[in-house]
Amino acid sequence: LSNGGHLILTTPNVWCWARLKCLVRKGGVPCNPEHTHYHDEITLRQLLERHGYHVEIKYVAPMSEGITRWLNQIPIRQLKRLGSTQLLVIAKVDPQ
């Protein structure tokens with residue numbers, strides 16, 4: 001990553017309503033065989049900050065209407081997290 005560059009990535013939000021619903025109804029979250037494990041906001045932040053990045057994480061709502069999109073629009077962080085099917089991570093090298 002060049003000086004002043006940004007690392008931008010998206011990942012499924014393991015704590016969204018749709019995945020929690022699958023966990024309760026089906027006894028587990030559907031797994032993509034190409035994924036090795038899930039990250040949440042805390043583990044992503046810790047991993048990147050340990051390697052010198054300043055991290056900003058945003059919640060991304062689904063495009064379709066439904067409860068997850070509705071939850072994402074509520075300005076309470078915990079409900080916004082439930083309503084976001086993806087996490088958008090923007091990281092840049094911390095200048096220190």
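Modeller: The discussion below moves from the overall fold to the core, the salt bridges and the surface.

Modeller: This is a predicted model, in which local features need pLDDT of at least 70 and side-chain atom pairs count only at pLDDT 80 or more, while totals for chains, interfaces and linings use all residues. Residues are numbered from 1 along each chain as its sequence is written, and side-chain values use heavy atoms, with hydrogens and water left out.

Colleague: How many helices and strands does the protein chain have, and which pattern do they follow along the sequence?

Modeller: Helices (H or I, at least four residues) and strands (E, at least two) are taken as DSSP runs and numbered from the N terminus. On that basis the protein chain contains 4 helices and 3 strands, arranged in sequence as β-α-α-β-α-α-β.

Colleague: What share of the contacts in the protein chain, among those with a separation of 6 or more, joins residues 24 or more positions apart?

Modeller: A contact means heavy atoms within 4.5 Å. Of the contacts with a separation of 6 or more, 68% link residues 24 or more positions apart.

Colleague: How much of the protein chain counts as buried, and how much area does the chain expose?

Modeller: A residue is buried under 20% relative accessible area, exposed over 50%, and partly exposed in between (1.4 Å probe, protein chains only). By this criterion 29% of the 96 residues are buried. Areas come from the Shrake-Rupley method with a 1.4 Å probe, and for residues only the protein chains shown count as cover. The protein chain exposes about 6,800 Å², of which carbon and sulfur atoms supply 58%.

Colleague: Which residues make up the largest nonpolar core?

Modeller: In soluble globular proteins, nonpolar side chains tend to be buried together. A nonpolar core is a set of buried Ala, Val, Leu, Ile, Met, Phe, Trp, Tyr and Cys residues joined through side-chain atoms within 4.5 Å. Here the largest such core has 9 residues: Leu44, Leu48, Tyr53, Val55, Ile57, Tyr59, Leu87, Val89 and Ala91. Helix H2 (41-50), strand E2 (53-60) and strand E3 (86-93) each give two or more residues to this core, and E2 provides the largest share, 4 residues.

Colleague: What does Ile57 touch, leaving aside residues up to four places away in sequence?

Modeller: Ile57 touches Leu44, Leu87 and Val89, and also Glu41, Arg45 and Leu88, with residues up to four places away in sequence not counted.

Colleague: Which residues does Thr11 touch beyond four places in sequence, and is Thr11 buried or exposed?

Modeller: Thr11 lies in strand E1 and is buried, at 16% relative accessible area. Beyond four places in sequence, Thr11 touches Leu44, Thr85, Gln86 and Leu87.

Colleague: How many salt bridges does a search of the whole structure find?

Modeller: Side chains of opposite charge can pair when their charged atoms come close. The criterion is a side-chain nitrogen of Lys or Arg within 4 Å of a carboxyl oxygen of Asp or Glu. The search finds 3 salt bridges. One of them joins the side chains of Glu56 and Lys58 at 3.3 Å, N to O. Glu56 is partly exposed at 37%, and Lys58 is partly exposed at 38%. Elsewhere, salt bridges with shared partners connect Glu41, Arg45 and Glu49 in one network.

Colleague: Which residues does Val93 touch, not counting residues up to four places away in sequence?

Modeller: Val93 is found in strand E3 and is partly exposed, at 48% relative accessibility. With that exclusion, Val93 touches Leu1, Gly52 and Tyr53. The C-alpha atoms of Val93 and Gly5 are separated by 7.7 Å, although these residues are 88 apart along the chain.
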